[in-house]
Amino acid sequence: MKLYCLNGDPAKPCSILSFKELLIMLDCGLNVKTVLNFLPLPLVQSSRFSSLPNFIPRDHDAQIDGELKECCGRIFVDSTPEFAPPLDKIVDFSEVDVILISNYMNMLALPFITEGTGFNGTVYATEPTLQIGRFFLEELVEYIEVAPKAVVASQWKDILHALPPPLSESFKPKCWKHIFTMEAVHNSLARVQIAGYDQKLDIYGALQVIPVSSGFCLGSSNWILSSGHEKVAYISGSSTLTTHPRPINQAALKYADVIIMTGLTQAPHVNPDGMLGELCMNVAVTLRNGGSVLIPCYPSGVVYDLFECLSTNLDNAGLSQVPMFFISPVADSSLAYSNILAEWLSSGKQHKVYIPDEPFPHAMLVKNARLKHFKHIYSDGFSTDFRQPCVVFCGHPSLRFGDAVHFVELWGSNPIHTIIFTEPDFPYLQALAPFQPLAMKAIYCPIETSLNFQQANKLIKELKPGCLVIPESYTQPPVMVPHKVDLVIDQLPDKQLITFKRGEVVKLPLKRKRNRVYLMPEIAQTIVPHEVQPGMNVASITGILQVKDNLHDIKRIDDGTEGNRTSFSLKASKYEWGALDIDLFVKKLTQDGITDIKMEQNGTGVVIRLPNEDTTIDINNNQTHIVCGGKQSLRLKLRDLLLQCVQSF
């Protein structure tokens, strides 16, 4: 078994597992952090960005003139943002047999993998993962298509060594790609087959895969791969916190031969409950001072909890008249869909569905006009309903495209306003870099519900895996808190730990030793067991072993198809077992006319000598040797007599 790592960000994993001659892709996360190297895409022409000075490195010609812009000491590419898809040189995507998606955050690279690559495999995901993943993909494409750039910059990639960091530290920028089309999104999602929690899915007869709840977000799952004799658990984006998704199913993950763990928290140094409280406090302070709050967000996930918590907090603070705006191309779809997902919710949310009542309070907030949702800031009705102070939820958290770019430009010069970052996917200072100098307050409150290192270490001990496989970065403290040596995955004394990093292929200690064989009923009816020792029975089988689609069947010899029969010539076989009855053997020798018999005991058995025949028979517990003086007929006779003195079937 081998693991191929195709992505360098453990929070957006993409790996391939080769197991039983199959190539199984585990998630297809997209590295979106590359967009931080590009200038934002404003919805309307921005004089601020267009007036930034050009940057040309020393000792290089002017071929890249206009491709790079400088803002407060940082260099940005003035072009449509590009993304780093999973590495495609290690494995041919056309040979991938199946893709298992853990959650909607880890499927944004799916069109890069399935479209235009010859991919013919199957993609499995839960229904919420598919539908909310659709929202994420459609929003991403629309954000970029709505503000196209006239020129595409590419020459800067040829002089990477001459550029200042972080551009010079970019990993293979020539492999970066522009976003896919909406048609590619729909074609890739059409390949996805829906799977339910605990549903057993057959993978070409070789494996059985089962999605189990991971507790991270709506429809998120961990995957169990089993073959009858081996068990592999893939843990990605899991949570033991009590929020709106169904709780994690730990029991199903226990005692796996191999556990592959990714998707741990990106903000291990903070507590999500504490961050939620700090967010509510800063929102209330800003609103009381007459300012507005911008919260860059995704169209689903933590934003549901923010609606619930923030509305309650504003009511308690006497700010219930302050409107909240949710702006996204998929805002209406996301809000509506979240209220029909009873089977994927926690028990508390499920009970509300059966009352009946909406599981999420944002449905009531929408009815009462406390929360207003629009596709874009230029949508019908937005300019009429918009009033300040207010709280605006909109994307994209990178601040490189989407309606959030407009609000940062609108409010950035006024210190009365606040921008609060809740998504840990992007370093907030890098996200704000092209808008500097900035007067509005910027606050970082990452709300990350996936496992932290303490929770992960506790979970690993409870699951008792045979081998643990993790990204190499999980064995070192995070870059933002290098002194926190406890923020790592512990090395268990009795468990093997294997690490991997981007572009690496690692061997996993799981070798096939056994395989399951199915007997046809006609064969099974002929079996006559013989007890060879207490509790152990054996039987002989005669048939044809057929291997097809990784299934092994033993069929009757005459089960061939009509017109394609194969004739076999088989003679009856006997199988001897057990210890040799020495007294019976001596008796038979005497009956056969051999009377000159001498027996000697040795340390491990008996030696029988036949002096007249110049023959020695050495009988041990597990073997018998006959040494004859060249008489082949005598040796055969002795062999036959020996076989008559052991049990057989």
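This is a predicted model: local features need pLDDT of at least 70, side-chain atom pairs count only at pLDDT 80 or more; totals for chains, interfaces and linings use all residues.
Modeller: Local features need pLDDT of at least 70 and side-chain atom pairs count only at pLDDT 80 or more, while totals for chains, interfaces and linings use all residues. Residues are numbered from 1 along each chain as its sequence is written, and side-chain values use heavy atoms, with hydrogens and water left out.

Biologist: What is the radius of gyration of the protein?
Modeller: The C-alpha trace spans about 120 × 70 × 60 Å along its principal axes. The radius is taken over C-alpha atoms, and the globule rule is 2.2 Å times the number of residues to the power 0.38. For 649 residues a compact globule would come near 26 Å, but the protein has 35 Å.

Biologist: How many helices and strands does the protein have?
Modeller: Both are DSSP runs numbered from the N terminus, helices being H or I of at least four residues and strands E of at least two. The secondary structure comes to 16 helices and 33 strands.

Biologist: How many disulfides are found, and which cysteine sulfur is nearest to that of Cys 71?
Modeller: A disulfide is a pair of cysteine sulfur atoms within 2.5 Å. The search of the whole structure finds zero. Cys 71 is in none, and its nearest cysteine sulfur, 4.2 Å away, is that of Cys 72.

Biologist: Is Cys 645 buried or exposed?
Modeller: Cys 645 is in no disulfide, with the nearest cysteine sulfur, that of Cys 628, 16 Å away. Its relative accessibility is 4%, so Cys 645 counts as buried.

Biologist: Where does Phe 180 lie, and which residues is it in contact with?
Modeller: Phe 180 lies in the loop between helix H3 (127-145) and helix H4 (182-189). Its relative accessible area is 7%, so Phe 180 is buried. Leaving aside neighbours within four places in sequence, Phe 180 is in contact with Leu 108, Pro 111, Phe 112, Leu 137, Val 141 and Val 185.

Technical notes:
Buried means under 20% relative accessible area, exposed over 50%, partly exposed in between (1.4 Å probe, protein chains only). Contact means heavy atoms within 4.5 Å.
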